[in-house]
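Please look over the sequence and the model shown here before reading on. The paragraphs that follow go from one chain to the other and then to what they share.

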Amino acid sequence: MATKGFEFAYDLGGGQATPVILDWPIAPYLALSQGDAVTITSLGYGTAVGTATQEVLGVMQEAVTSATSSAKYKMAVASRNHVYRCSMDAATTTAIVGSTKSLQFVDGNTIDTHFTAGTGSMCLVDGSQLDDDGNVLAYITFLDTSLGNT
Amino acid sequence: MSSRGFEFAYMLDGSNATPVIRDFPVHGTGAYAVGDLVVINGSADGEVTRVTSTTTEVTGVMQETRAASVGADADKMKLAIITRGQVWRCSMDASTCATVIPGYVKSLDTADHNTISATDVTGGAMTAVDVSTLDDDGNVMAYVVFLDTTFGNT
């Protein structure tokens, strides 16, 4: 089966670190699943990524059916050192490990195999495995994180 | 009470790292306190000095105290080196900070060397991680990351 969206794999620094989980406000009425990558709005809400989203705030750690403005939800804060794994939308990709730094999303829980020269900002760490559906199981890092970029 | 200036909170990447402490020469004969935010002063032989109310680049946070006019210029003092992956906490100068949007506003500024401005969201280089709690004086206790660090910027 495909991954449940983005799953933390390991710390690129070689440490035993695991992501910090924070309670974060989510854009009102939005529905998100565990494993969905989220970006940030100008009002500070986490919100769904688009296909070409660059800046990533984090990865949802709980499902939300209809967010309310007064509530906060568990989210793993994205950090440049973190390697996440997530299924792609096809069985092969032309992305090159370490060289392709512009991978795009298909949606919040799938990586696009085709847009290796896109406007996204994910870098492939490993694309040598397939998930149980036969799609590439990509290991990636986020290059533009909300907490830590400029 | 307010925070004692800037206090290390945790690592943003979830590791259990703590800041590296190094001895650095300080500029002038003025007072320094634990928690003071300082920046390196290139025109003063690389000595560090307290930041002011407009702070972009930061070098570290003082880890020891010296009274005014007791020491000499270029005395070495213990400094916690700031990196981008660290979250620090520090009191703000007001009980509310409506324009400080965690994660989105990346130009939060200092009020002085041991206080973060609750209103100046354009002059500095900090991003708030959390501003949901108050200190015992009723001011916002802000958790921030620094975006322009002496060791790690360009």
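Helices (H or I, at least four residues) and strands (E, at least two) are DSSP runs, numbered from the N terminus, and two strands pair if DSSP finds at least two bridges between them. The model is predicted, and local features need pLDDT of at least 70, side-chain atom pairs count only at pLDDT 80 or more, while totals for chains, interfaces and linings use all residues. Residues are numbered from 1 along each chain as its sequence is written, and chains are lettered from A and ligands numbered from 1 in the order in which they are written.

Chain A has eleven strands and zero helices. The C-alpha atoms of chain A fill a box of roughly 45 × 30 × 25 Å along the principal axes. Because a compact globule of 150 residues would have a radius of gyration near 15 Å, the 14 Å of chain A agrees with that expectation; this radius is taken over C-alpha atoms, and the globule rule is 2.2 Å times the number of residues to the power 0.38. Of the 150 residues of chain A, 47% count as buried, where a residue is buried if 20 or more other C-beta atoms, placed from the backbone, lie within 10 Å of its own, exposed if 12 or fewer, and partly exposed in between.

Within chain A, five strands form an open sheet in the order β2-β6-β5-β3-β4, with antiparallel pairing. Its edge strands are β2 (21-24) and β4 (46-48) of chain A, each of which pairs on one side only. Strand β3 (residues 37-40) of chain A is joined to β4(A) by three bridges, and A:Thr39 has A:Thr47 as its bridge partner in β4(A).

In chain B, an open antiparallel sheet is formed by four strands in the order β1-β7-β11-β10. Here β1 (7-11) and β10 of chain B stand at the edges with a single partner strand each, so one side of each is left without a neighbour in the sheet. Strand β11(B) is joined to β7 (residues 86-91) of chain B by four bridges, with B:Tyr143 as the partner of B:Arg89. Six bridges join β11(B) to β10 (residues 126-134) of chain B; along this pairing B:Met126 has B:Phe146 as its bridge partner, and B:Leu134 stands opposite B:Val140. The hairpin of β10(B) and β11(B) has five residues between the strands, and there B:Gly138 takes a positive phi near 90 degrees.

How many of the residues of β11(B) are buried? Seven of its seven residues are, with B:Val140, B:Ala142, B:Val144 and B:Phe146 on one side and B:Met141, B:Tyr143 and B:Val145 on the other. Two residues are in contact if their C-beta atoms, placed from the backbone, lie within 7 Å. Leaving aside neighbours within four places in sequence, B:Val144 is in contact with residues including B:Trp88, B:Leu108 and B:Ile116.

A nonpolar core is a set of buried Ala, Val, Leu, Ile, Met, Phe, Trp, Tyr and Cys residues joined through C-beta atoms within 7 Å. The largest such core has 81 residues, and among those that touch the most other members are A:Met75, A:Ala138, B:Ala142 and B:Val144. Strand β11 (residues 140-146) of chain B gives this core its largest share, seven residues. Between the chains, 19 residues of chain A are in contact with 16 residues of chain B.
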